[in-house]
Amino acid sequence: MIRSVTVYCSSSNRAPDAYFNEAEALGRGLAERKIGMVFGGGHVGLMGCAADAVMRCGGQVRGVIPRFLEEREVAHYGLTELRVVETMHERKMLLTGWADAFVILPGGFGTLDEFLEILTWKHLGHHQKPIILLNTDGFWDQLLQFFERIATEKMVGESYRSFYDVCNSAEETLALIDKHNASV
């Protein structure tokens, strides 16, 4: 049962409007389903947008931010819970541990790092939690092509495709979460 979703996404306020629209729709949808959101704890970019949408709709949001990013990412103090930790490793462990599933929106190096880590952990059997790439406007297309090359070059087995799902909108993502919850 998915009761809490860790959302990985950009902290940039300069991302295209379409990405903000999907982040807001995802946040609203999580709150409507009474699914809590876990995220990196910043008040900016897509992460702040999604968290604000959950909170506006009466949902629960837990944030985790390292002390050195507390000011830089403008920590979001209006959450259900904000945990300030000392290291990125602590942050990532809590974001992973508190999640029943992961949704990855467009983002930069940090988002890519977080996605690849949870994907690797799933590949190694460390968890079996659902991973969903929200591929707004084809944002992740080139990465998905690279994954195909990795498989073609026999660096990973063909089964890697079962480690994650790709959705093109928040609506599709929420429908997939609903489908997962209905099957449990």
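**How open is glutamate 81?**

Is glutamate 81 buried, exposed or partly exposed? At 24% relative accessibility, glutamate 81 counts as partly exposed. Here, buried means under 20% relative accessible area and exposed means over 50%, with partly exposed in between (1.4 Å probe, protein chains only).

**About this model**

This is a predicted model, in which local features need pLDDT of at least 70 and side-chain atom pairs count only at pLDDT 80 or more, while totals for chains, interfaces and linings use all residues. Residues are numbered from 1 along each chain as its sequence is written, and side-chain values use heavy atoms, leaving out hydrogens and water.

**Salt bridges between separate parts**

Side chains of opposite charge can pair when their charged atoms come close. A salt bridge is counted when a side-chain nitrogen of Lys or Arg is within 4 Å of a carboxyl oxygen of Asp or Glu. That rule gives eleven salt bridges.

Glutamate 81 takes part in one of them, with arginine 62, at 3.0 Å from N to O. Glutamate 81 belongs to strand 4 (residues 81-85) and arginine 62 to strand 3 (residues 61-66), so their pairing ties together parts that are 19 residues apart in sequence. Helices (H or I, at least four residues) and strands (E, at least two) are DSSP runs, numbered from the N terminus. Arginine 62 is partly exposed, at 28% relative accessibility.

Another salt bridge joins glutamate 86 and arginine 67 (2.9 Å, N to O). Glutamate 86 sits in the loop between strand 4 and helix 4 (88-97), and arginine 67 in helix 3 (residues 67-70), so this pair also ties together parts 19 residues apart in sequence. Glutamate 86 is partly exposed at 47%, and arginine 67 is partly exposed at 45%.

**A salt bridge within a helix**

Now look at arginine 28 and glutamate 24, whose closest N and O atoms are 3.4 Å apart in a salt bridge. Why are they about one helical turn apart? Because they are four residues apart in helix 1 (residues 17-32). Glu24 and Arg28 are also linked with Arg56 in a network of salt bridges.

**A buried threonine**

Threonine 6 lies in strand 1 (residues 4-8) and is buried, at 0% relative accessibility. A polar atom of the threonine 6 side chain lies 2.6 Å from the backbone oxygen of leucine 95.

Contact means heavy atoms within 4.5 Å. Leaving aside neighbours within four places in sequence, threonine 6 is in contact with Val38, Leu95, Ala99, Ala101, Phe102 and Val103.

Technical notes
A polar contact is a pair of N or O atoms within 3.5 Å; within protein, one must be able to donate a hydrogen and the other to accept it, and residues adjacent in sequence count only if both atoms are side-chain atoms.
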